[in-house]
Amino acid sequence: MDYTILVGGAAGQGIDTFAHLLEKTLKRCGYYVFTYRDYMSRVRGGHNYIQIRFSDKEIFTHSEKIDLVFALNEETIEIHSSRLKPKGILICDEGIGKGEKIVHIPIKRILKEIKNPRVYNTIGLGAIIKYFGLPLNIPEGLIKSQFQEKIAPANISALRAGYEAMEKGYKLELLEDDNIIINGNEALALGALGAGCKFYCGYPMTPSTSILSYLSKKSEEMGIMVEQIEDEVAALNMALGASYGGVRSMTGSSGGGIALMIESLSLAGIVELPIVLVNAQRSGPATGMATRTEQSDLRFMIHAGHGEFPRMVIALRNPEDAFYQTTRAFNIADKYRIPVILLTDLYLADYTQTIKPFDFSKIKIDRYISKKEELIDEEYKPYKLTKDGISPRIIPGKIPGQVVLVDSHEHDEFGHITEDPIIRTKMVDKRMEKFQGLREEVEEPWLIGDERPENLIVCWGSTYGAVQETVDRLRGEEVSIGALVFGDIWPFPKERLLDLGKTASRIIDIEQNATGQLDSLIREETPYESSHKILKYDGRPFSGYELYKRIKGEVLK
């Protein structure tokens, strides 16, 4: 079984609350859930919709076809009715919508009886629960626990009225509920907390804002200081200050905000302070499309900053990956005293998915802080020349008599400003030597599908879900296909690609940008390049079915 429900209307009509209740209900009934949100950059008006897909089997992405539409206005009917499956239905109030697939519910009449116009969506929720044959007690319990006491009774009355007004279409079985439901930004934030992050600051910018707001809600409980500050320039500077003081720190923004941070990113490079920086990508350039997704900042993050200094770039592939990679990022940043950049995007930031609970036993916190007895030199050298380029790090004020100097100028081993050409060369070489260690740290991309495929997909980040579904579908049609899904991007891991590229007949590059930025890296780092590119940059994510159709039509024709 595999069903998709869509609710659509204007901003301000409460569809997010509706979707939250429905996805939680489905999850507690034991189903795998994947919720995709499509919304405009408006407080009110426009057309927004949310799709909730659920199944008794694991699902990785949203669906093109819809089983049930709950329309809050005529526009939703006009836009989405063509997406209904042959047996699909469209639920709406009396007086709007015509056609054989329309099921009218007397929503406004029920509202008059309840005497609360704000429970419109809860009536629809009750109807959907009835249609799929699900128990009413689960959403009732959610309403009681999540709504204020004074508004919960009206919503429960609306839920029951909608339930009574609808005919049953299915009788779904209840399954065991042993998963959690979470979106990418929440998983990333939890990863930071699990890694011992104690300071997060930022300026709100979609789609990074929910990291800031989530951590703010958890600040007292988890002992983390969270600051909303005046701009993105100050954000990275403040996070670097906290890092200098020995605190695990993180900041984040979207591409436009990250652009403002770049001078400070170079500062992190020369003072060798560990920092985790999140770039939640959206459609650019400039303001672009504030609530649309894209993968167009890959090259930007690899090369951002004046001068040359090491950094690591990691693309997050799904919420589970976001959690574990974030915890890993803090350890790498501390070990090498470098910026580690996490690349996510609006799609991954916002979609919610049922996944296995996080295994906190897999998390290890390594601070790499030197103790007094480990310092060989009489006077501490914060930029000591070492074979691997990693100088010992101490926390200012923790070891009596030792000073930790930082300066944006070039410096000697003690941190004193210098323009000596020999020292300058040694310091650049020292910093760049860290790349050798980082190359040992990088993880090879996930391989999904055939172990030795004729058709080899290369992709990165949040395209994972659509690619996974596409590979599964094509393998079911006996197509020899597999995919390398890159998480670690820089330094570039290439061993698995070098191996599989020897026997692959085609290399298919799949990205959400206009220039094929991953493919350009592959051309630089390996003897290969893609034979086909499937690129998308309209601000909407790939679905599994859309990608399947494009590969069939453009590659396997």
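Because the model is predicted, local features need pLDDT of at least 70 and side-chain atom pairs count only at pLDDT 80 or more, while totals for chains, interfaces and linings use all residues, and side-chain values use heavy atoms, with hydrogens and water left out.

**Stop 1**

Select helix H7 (residues 184-194) together with helix H13 (residues 319-336), which pack at an angle of about 30° with their axes 7 Å apart. Helices here are DSSP runs of H or I with at least four residues, strands are runs of E with at least two, and both are numbered from the N terminus. Axes are lines fitted to C-alpha atoms, for helices over the stretch in contact, and angles run from 0 to 180 degrees between N-to-C directions. The angle makes H7 roughly parallel to H13, given that angles under 35 degrees count as roughly parallel, over 145 as roughly antiparallel, 65 to 115 as roughly perpendicular and the rest as oblique.

Now show the side chains where they meet: Gly 184, Ala 187, Leu 188, Leu 190, Gly 191 and Ala 192 of H7 touch Pro 319, Ala 322, Phe 323, Thr 326, Thr 327 and Phe 330 of H13, where contact means heavy atoms within 4.5 Å. Eight residues of this contact are nonpolar, four are polar and none is charged; in this scheme Ala, Val, Leu, Ile, Met, Phe, Trp, Tyr, Cys and Pro count as nonpolar, Asp, Glu, Lys and Arg as charged, and the others, Gly among them, as polar.

Next select H15 (421-432) and helix H16 (residues 434-441), which pack at an angle of about 5° with their axes 5 Å apart, and are therefore roughly parallel to each other. Lys 430, Arg 431 and Met 432 of H15 meet Lys 434, Phe 435 and Gln 436 of H16, a contact with two nonpolar residues, one polar residue and three charged ones.

**Stop 2**

On the H17 side the contact is made by Ala 466, Val 467, Glu 469, Thr 470, Arg 473 and Leu 474, and on the H20 side by Gly 544, Tyr 545, Leu 547, Tyr 548, Ile 551 and Lys 552. Sorted by class, seven of these residues are nonpolar, two are polar and three are charged.

**Stop 3: empty space**

Rolling a probe the size of a water molecule over the atoms shows where empty space is left. On a 1 Å grid over the protein atoms alone, a cavity is a set of points where a 1.4 Å probe fits but cannot get out, whereas a pocket is an open set with protein on both sides within 12 Å along at least five of seven lines, and lining residues have an atom within 4 Å of a point. Grid points are joined across faces, edges and corners, and a volume is the space filled by probe spheres set on the points.

The whole structure holds four cavities of 30 Å³ or more, and the largest cavity has a volume of about 80 Å³. Select Tyr 244, Leu 273, Arg 393, Ile 394 and Val 404, which lie nearest its centre among the 14 residues of its lining. That lining has 10 nonpolar, two polar and two charged residues.

Turn next to the second largest pocket, with about 310 Å³ of space, where Ser 266, Ile 270, His 306, Gly 307 and Ser 408 are the closest to the centre of the 15 lining residues. Helix H11 (262-271) and H15 each supply at least two residues of this lining, and H11 gives the most, with six.

**Stop 4**

Most residues other than glycine have a negative phi, and most peptide bonds are trans. Select Thr 206 and Pro 207, which are joined by a cis peptide bond with omega of about 5°; Pro 207 is in the loop between strand S8 (199-202) and helix H8 (209-222). Finish at Ala 286, which is not a glycine but has a positive phi of about 55°.

Terms used. Residues are numbered from 1 along each chain as its sequence is written.
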